[in-house]
Amino acid sequence: MMQQKMSEGSAHRLVAVIARVMKYLLPVAVSAGMVIWLFHKVDIRQIGEIMSSGVDYRYLVAMMVLTVLSHVIRGIRWGIQLRAAGIPRIPVLAESVSIFGAYALNLLFPYLGEAWRCVYISRREQCKLSTVVGTDIGDRASDGIMILLLVFIALFVARPYMDRFLDRYPLGEAIDRITTSGGLWIWIAVVVALLVAGDYFFRRTAFVKGVNRSLRRIWNGFVVLFHMKGTGIYIVLTFGIWICYFLDTYLCFFAFPFTRQLISGQGYCWGVIPGLVVFVFGSCSMGVPSNGGLGPWNIAVMFALSLFGISDSDGAAYSLVCWSFQTAMLIASGIFSAIYIILSRRRRPAHRPVIDKANFINSGNSEK
């Protein structure tokens with residue numbers, strides 16, 4: 001019996017090690033594979049010539065400033081959710097630092113930054129981590145809604161170019177086939193049904209009870225979106241973030257001679273339509289696990305530009321230069337965050353733990 005338990009423990013440890021290795025190895029493999037494919041597809045010499053002589057770097061610097069501004073706005077917006085969840089007001093600089101550090105860490109491993117910023121706020125304010133995670137999920141849910149909205153807008157105002165992608169590329173054909181077939185939705189329904197059934201039949205076990213408690217705290221942190229004070233300013237800030245993101249893409253059009261023609265081209269609405277298509281493709285690609293979007297984002301942007309007659313080499317140059325400048329900005333802001341956190345720990349006195357509003361309300365109801 002003891003030997004059996006030891007073998008089961010060894011098997012569990014082996015599975016955990018494999019899962020952890022895959023968690024970190026898969027994004028690196030995805031990024032490396034797509035970058036190799038990208039360079040195999042394009043003319044490296046032509047990309048080097050474009051980078052050395054054909055780029056107006058003033059617009060790239062402006063893009064970096066806009067990206068920093070979007071992160072500051074995101075930090076302020078997250079602060080509204082945190083206060084609604086019962087966490088005291090946090091200085092704007094600390095809110096911004098949580099976002100700077102998160103995006104810098106996402107360059108190392110996907111979603112590592114999301115976990116870090118939740119832990120950072122939880123420890124800084126001595127509050128429940130699960131509640132902070134709930135606000136983070138609400139934050140990202142807002143982004144998901146904005147991406148869906150942008151996709152619908154792009155399908156409406158740039159339908160010929162979106163149809164061209166679905167008809168012209170195998171990837172587009174695969175996306176169209178998967179989303180229009182019923183098999184995908186059947187599998188999703190089966191998985192959801194199995195999870196619900198498992199939760200019901202094993203609801204009395206300690207593990208499921210713990211999971212449900214954490215899920216309730218996460219849900220409490222998420223639903224503050226719908227009844228919190230400051231919903232109007234939250235919506236305004238959400239649009240501000242995504243306007244900054246779009247302007248990042250649009251400003252970079254001015255930096256390259258081959259994309260400037262998209263601004264003056266007939267039927268392009270001063271470059272807004274191609275800018276929207278490129279922006280939507282790039283945003284959707286961020287769902288693929290990779291290191292800071294390296295690989296998936298570059299290829300998605302290159303595909304989008306090709307719909308407007310931009311060659312693969314030019315599109316690759318555009319994506320690589322823009323990604324490199326934005327990455328340099330993320331690294332710099334991440335270093336700033338690390339310095340700020342170190343200095344603030346030395347100066348900041350210990351403070352009393354705060355009350356988790358969601359748990360306080362629930363405990364009050366249970367006492368009644």
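Visitor: Buried here means under 20% relative accessible area, exposed over 50% and partly exposed in between, with a 1.4 Å probe and protein chains only; so is Glu125 buried or exposed?

Guide: Glu125 counts as buried, because its relative accessibility is 4%. This is a predicted model, in which local features need pLDDT of at least 70 and side-chain atom pairs count only at pLDDT 80 or more, while totals for chains, interfaces and linings use all residues. Residues are numbered from 1 along each chain as its sequence is written, and side-chain values use heavy atoms, with hydrogens and water left out.

Visitor: Which residue does Glu125 meet in a salt bridge?

Guide: The partner is Arg124, with 2.5 Å from N to O, where a salt bridge is a side-chain nitrogen of Lys or Arg within 4 Å of a carboxyl oxygen of Asp or Glu. Arg124 also counts as buried, because its relative accessibility is 12%.

Visitor: How many salt bridges are there by that rule?

Guide: The count comes to 12 salt bridges. Arg74, Arg77, Glu114, Arg117, Asp136, Asp139, Arg140 and Asp143 are linked in a network of them.

Visitor: Which residues does Asp139 pair with?

Guide: Asp139 forms a salt bridge with Arg74, at 2.9 Å from N to O. That pair links distant parts of the chain, since Asp139 lies in helix H6 and Arg74 in helix H3, 65 residues apart; helices (H or I, at least four residues) and strands (E, at least two) are DSSP runs, numbered from the N terminus. Asp139 also forms a salt bridge with Arg117, whose closest N and O atoms are 3.1 Å apart. Here Asp139 in H6 is joined to Arg117 in helix H5 (residues 112-125), 22 residues away in the chain. Asp139 and Arg74 are both buried, and Arg117 is buried as well.

Visitor: Stepping back, how many helices and strands does the protein chain have?

Guide: The protein chain has 16 helices and 0 strands, and 43% of its 368 residues count as buried.

Visitor: New topic: what is the volume of the largest pocket?

Guide: The volume of the largest pocket is about 1000 Å³. On a 1 Å grid over the protein atoms alone, a cavity is a set of points where a 1.4 Å probe fits but cannot get out, and a pocket is an open set with protein on both sides within 12 Å along at least five of seven lines, with lining residues having an atom within 4 Å of a point. Grid points are joined across faces, edges and corners, and a volume is the space filled by probe spheres set on the points.

Visitor: Which residues lie nearest its centre?

Guide: Of the 37 residues that line the largest pocket, Tyr103, Tyr245, Gly282, Ser283 and Met286 lie nearest its centre. The largest share of the lining, 6 residues, comes from H15, which is helix 312-347.

Visitor: And how many disulfides does the structure hold?

Guide: The structure holds 0 disulfides, a disulfide being a pair of cysteine sulfur atoms within 2.5 Å.
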